[in-house]
Amino acid sequence: MAIKVGDEFPQVQLKYVPYDAAAPDACGAPQLLDTKNNLEGKKVVLVGVPGAFTPTCSAKHLPPFVAKADELKAKGVDLIVCVSGNDFFVMDAWGKQEKVTDKILMAGDANGDLGRATGLSIDLSVAGLGAVRLTRFAAIVDSGKVIHLGVEPDPTEVTVTGADSILSAL
């Protein structure tokens with residue numbers, strides 16, 4: 001069963017490669033992001049995507065969040081996290097290609113832990129992308145509690161999970 005508004009966001013451990021302005025093209029050491037401990041007391045926008053470098057994710061979903069990161073933060077968002085079923089090095093490379101810099105933390109859920117814990121996983125094996133991927137979603141989590149959740153009925157589209165939808169929900 002999928003998480004819903006009012007639920008505590010589940011505790012999982014994701015990994016990411018932090019952005020380094022001094023060496024923006026370097027491949028840094030991965031860091032741990034614990035969704036309970038590291039996000040406690042913060043307002044966080046979590047953007048779940050089926051796959052890094054995929055057409056909808058790269059053309060329609062991530063770029064508006066990059067462009068509107070300052071607007072989101074002006075509305076009280078402490079952290080924006082984009083997470084996919086890819087590993088953290090792939091997410092780092094995708095972030096570099098999309099010029100994310102330090103605006104969004106690009107985290108990997110390669111083992112599918114977040115998808116299973118939230119009930120927001122999707123089987124995309126028919127498309128050759130694997131059996132455990134994240135469906136397309138966007139959530140606002142405030143001090144560990146889900147206060148907004150948009151899940152796309154069609155994960156190839158961005159209608160209720162885009163940056164504008166999140167800005168409206170804030």
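## A pair close in the chain

Asp 7 and Lys 4 join their side chains in a salt bridge, at 3.3 Å from N to O. The model shown here is predicted. Asp 7 is partly exposed, with a relative accessible area of 21%. That value is not under 20%, so Asp 7 does not count as buried. Lys 4 is partly exposed too, at 44%.

Side chains of opposite charge can pair when their charged atoms come close.

## From a loop to helix 1

Glu 157 and Lys 60 form another salt bridge. Their closest N and O atoms are 4.0 Å apart. Glu 157 sits in the loop between strand 9 (145-151) and helix 5 (163-169). Lys 60 belongs to helix 1, residues 55-67.

## From a loop to helix 5

Lys 68 pairs with Asp 164 in a salt bridge. Here the closest N and O atoms lie 2.4 Å apart. Lys 68 is in the loop between helix 1 and helix 2 (69-74), while Asp 164 is in helix 5. The pair therefore ties together parts that are 96 residues apart in sequence. Asp 164 is partly exposed, with 47% relative accessibility.

## The count

How many salt bridges does the model hold? The count comes to five. Among them are Asp 7 with Lys 4, Glu 157 with Lys 60, and Lys 68 with Asp 164.

Methods
Residues are numbered from 1 along each chain as its sequence is written. This is a predicted model: local features need pLDDT of at least 70, side-chain atom pairs count only at pLDDT 80 or more; totals for chains, interfaces and linings use all residues. Side-chain values use heavy atoms; hydrogens and water are left out. Buried means under 20% relative accessible area, exposed over 50%, partly exposed in between (1.4 Å probe, protein chains only). Helices (H or I, at least four residues) and strands (E, at least two) are DSSP runs, numbered from the N terminus.
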